[in-house]
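Student: I would like to work through the strand arrangement of this protein. May we begin with the sequence and the structure?

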Amino acid sequence: QVQLVESGGGLVQAGGSLRLSCAASGRDFSTDTMAWFRQSPGKDREFVALINWSGGRTQYAESVKGRFTISRDNAKNTVYLQMISLNSEDTAVYYCAAETTRDGLYDYWGQGTQVTVSS
């Protein structure tokens, strides 16, 4: 069974930091683009960051540029999202996703981890 399991979420004060992890199992994702998305209550899910298979290419949403860093460890089949200078607008459920079909669509998703930033 293929699974993406996020962890590392929690409650943090504004200005604080968190590091999210996404551990994959059941399939080798080392050749796939991986990404983080987030969804706040009442809002659509939005793209946060992506990383290509080698880690040589990353892309970020404008709202998180300079504050979030996506990385991966293919030996551990794990993707990370380091978040600093968090603010209340970062409060959301964060989802890990994998694009395996090379068509730009993400076909594997985790269950999400809650990040709450208190002001």
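**Strand order and pairing**

Student: How many of the residues of strand β8 (residues 78-83) are buried?

Tutor: This is a predicted model. Burial here requires a relative accessible area under 20%. Strand β8 is mostly covered, and of its six residues the number buried is five.

Student: In the open sheet of four strands, what is the strand order?

Tutor: β1 and β3 run antiparallel and are joined by five bridges. β3 in turn pairs with β8 in the antiparallel sense, over six bridges. Six bridges also link β8 to β7, again antiparallel. The order is therefore β1-β3-β8-β7, where strands pair if at least two bridges are found between them.

Student: Which strands are the edge strands?

Tutor: The sheet is open, with the order β1-β3-β8-β7. An edge strand pairs on one side only, and this holds for β1 (3-7) and β7 (68-73).

Student: Which residue of β8 is the bridge partner of Ala-23?

Tutor: Strand β3 covers residues 18-25, and β3 pairs with β8 in the antiparallel sense. Within β8, the bridge partner of Ala-23 is Thr-78.

Student: Which residue in β8 does Ser-71 stand opposite?

Tutor: β7 spans residues 68-73, and β7 and β8 pair over six bridges. In β8, the residue opposite Ser-71 is Tyr-80.

Student: Which residue in the hairpin of β7 and β8 takes a positive phi?

Tutor: Four residues lie between the two strands of this hairpin. The positive phi, near 55°, belongs to Asn-77.

Definitions and conventions
Residues numbered from 1 in each chain as written. Predicted model: local features only at pLDDT ≥ 70, side-chain atom pairs only at ≥ 80, totals over all residues. Heavy atoms only, no water. Buried < 20%, exposed > 50% of the residue type's maximum accessible area, 1.4 Å probe, protein only.
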